[in-house]
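Please keep the coordinates in view while reading.

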Amino acid sequence: MYGLSEQDLDIQARARAFADELIPLEVEVELANGELPADVEAAHKKRAIELGLYAANMPKDVGGRGCTSLQQVLIQEQVGRVTNALAWVCATPPSWLPAGATADQMERYVRPGARGERDECYAITEEGAGSDVDAIAATARRVGGDYLLNGVKWHVTSYNGADYAFFQAKLVGGEHEGDHAMFLVDLPSPGVQVVRTPAYMHTLGSAHQHPIVAFQDVRVPAAQLVGAEGDGMSFAYEWFRFERLMVAARCLGAAERLVAEMTAFASQRVVQSTPIVALGAVQAMLADSLTELFAARSMTYETARGIDAGIDVKVQHAHCSMVKLYAAEMANRVADRAVQVLL
Ligand SMILES: Cc1cc2nc3c(=O)[nH]c(=O)nc-3n(C[C@H](O)[C@H](O)[C@H](O)COP(=O)(O)OP(=O)(O)OC[C@H]3O[C@@H](n4cnc5c(N)ncnc54)[C@H](O)[C@@H]3O)c2cc1C
């Protein structure tokens, strides 16, 4: 099915088995607001590493698993069958970083990230710059051998559990005035603090919330610049492409799980002597869900294969955006139908 190789099927099976190990813990973890006992979390991480599901996106020469994009999709699809608080463990460190990292950054961020020893977060979005990242107001000013960073960032996912942040800003002064640049900011750092932590609709442990974070006169050595001045936006785009594809993959898993739960419930729920799965209206909801899941999965796998084949980056960008849009809306429609079947 879907033309998967033996190696693809093996990775898929390992990810599926791990997801099946996590599913029985879901209710307990949801009731605990997404918090897991530290030893359980550590055991899950160890298992993800052993199974080859951790840092699957990182190149082998930096300590990652060097999986193809399609294989990364297969892993994240299975992970998407599990609630967020548990699924987080199959982490994907910044695979865009090695290509632009200095030797020092490789040793301090890339390799430890691939080993599961350092976690990152991204500080890009701002109140006045959401979809339009070019509108960010954060600044980076060169002062001697350092940069002075300022800005307030929104939705900084996993800030509380992170060892460092990617901070995107516009350069002030110098040859690249107004251009974007990306910086590595170790956490905690003087001048970096949480403004507030808004509530979200999903349940995540305290390390993976999405706080608003202020960076005020944060001084970092010039060695914390990623790539060159002016490269910031290209790194952000690369991360967006990756995340959009992986969000789509997780939506496939979520939809598959929902269809399984709907089918199981509808088969055993008897109303007026008839299992509701025998009712045409319920069957139509299941059929529509499976059809849309098949379409979304086909698009997502095809997008991953295009990346593996090295198609034009602008086409990759468009495809990643389209599959995230389609798969997310598909999963939303399937979730809506699941609510109707179960209630
Ligand atoms: C769960 C979650 C985690 C996130 N994690 C991170 C993170 O770790 N780091 C980070 O930096 N950011 C993160 N983000 C931010 C995310 O990338 C932004 O939410 C996204 O870029 C959209 O910005 P916005 O929320 O301000 O929406 P807005 O830009 O205000 O958009 C609101 C609505 O208007 C529409 N819209 C906007 N512009 C246009 C236009 N020109 N034409 C037509 N329609 C338009 C949008 O499609 C959307 O429907 C996260 C967001 C969420 C929800």
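This is a predicted model: local features need pLDDT of at least 70, side-chain atom pairs count only at pLDDT 80 or more; totals for chains, interfaces and linings use all residues.

Residues are numbered from 1 along each chain as its sequence is written, and side-chain values use heavy atoms, with hydrogens and water left out.

A polar side-chain atom of threonine 125 lies 2.7 Å from a nitrogen atom of the ligand. Tyrosine 122 places a backbone N or O atom 2.9 Å from a ligand nitrogen atom, and a backbone N or O atom of glycine 130 is 3.4 Å from an oxygen atom of the ligand.

The helices may be considered next. Helices (H or I, at least four residues) and strands (E, at least two) are DSSP runs, numbered from the N terminus. Helix H1 (residues 6-22) packs against helix H4 (residues 69-79) at an angle of about 20°, with their axes 8 Å apart; the axes are lines fitted to C-alpha atoms over the stretch in contact, and angles run from 0 to 180 degrees between N-to-C directions. H1 is therefore roughly parallel to H4, a term for angles under 35 degrees. On the H1 side, Gln7, Asp8, Ile11, Gln12, Ala15, Arg16 and Ala19 meet Leu70, Gln71, Leu74, Ile75 and Gln78 of H4, contact meaning heavy atoms within 4.5 Å. By class, this contact of H1 with H4 has 6 nonpolar, 4 polar and 2 charged residues.

H4 also packs against H9, at an angle of about 145° and with their axes 7 Å apart. Ser69, Leu70, Val73, Leu74 and Glu77 of H4 contact Arg297, Thr300, Tyr301, Ala304, Arg305, Ile307 and Asp308 of H9. That contact comprises 6 nonpolar, 2 polar and 4 charged residues.

The axes of helix H8 (residues 232-268) and helix H9 (residues 280-308) come within 10 Å and cross at roughly 155°. H8 is therefore roughly antiparallel to H9, the term for angles over 145 degrees. The contact of H8 with H9 has 17 nonpolar, 4 polar and 2 charged residues.

Two loops show particular backbone geometry. Between strand S5 (180-186) and strand S6 (192-196) lies proline 188, and the peptide bond from leucine 187 to proline 188 is cis, with omega near -5°. Serine 158, in the loop between strand S3 (146-153) and strand S4 (164-172), has phi near 70°, a positive value in a residue other than glycine.

Conventions: Angles under 35 degrees count as roughly parallel, over 145 as roughly antiparallel, 65 to 115 as roughly perpendicular and the rest as oblique. Ala, Val, Leu, Ile, Met, Phe, Trp, Tyr, Cys and Pro count as nonpolar, Asp, Glu, Lys and Arg as charged, and the others, Gly among them, as polar. A polar contact is a pair of N or O atoms within 3.5 Å; within protein, one must be able to donate a hydrogen and the other to accept it, and residues adjacent in sequence count only if both atoms are side-chain atoms.
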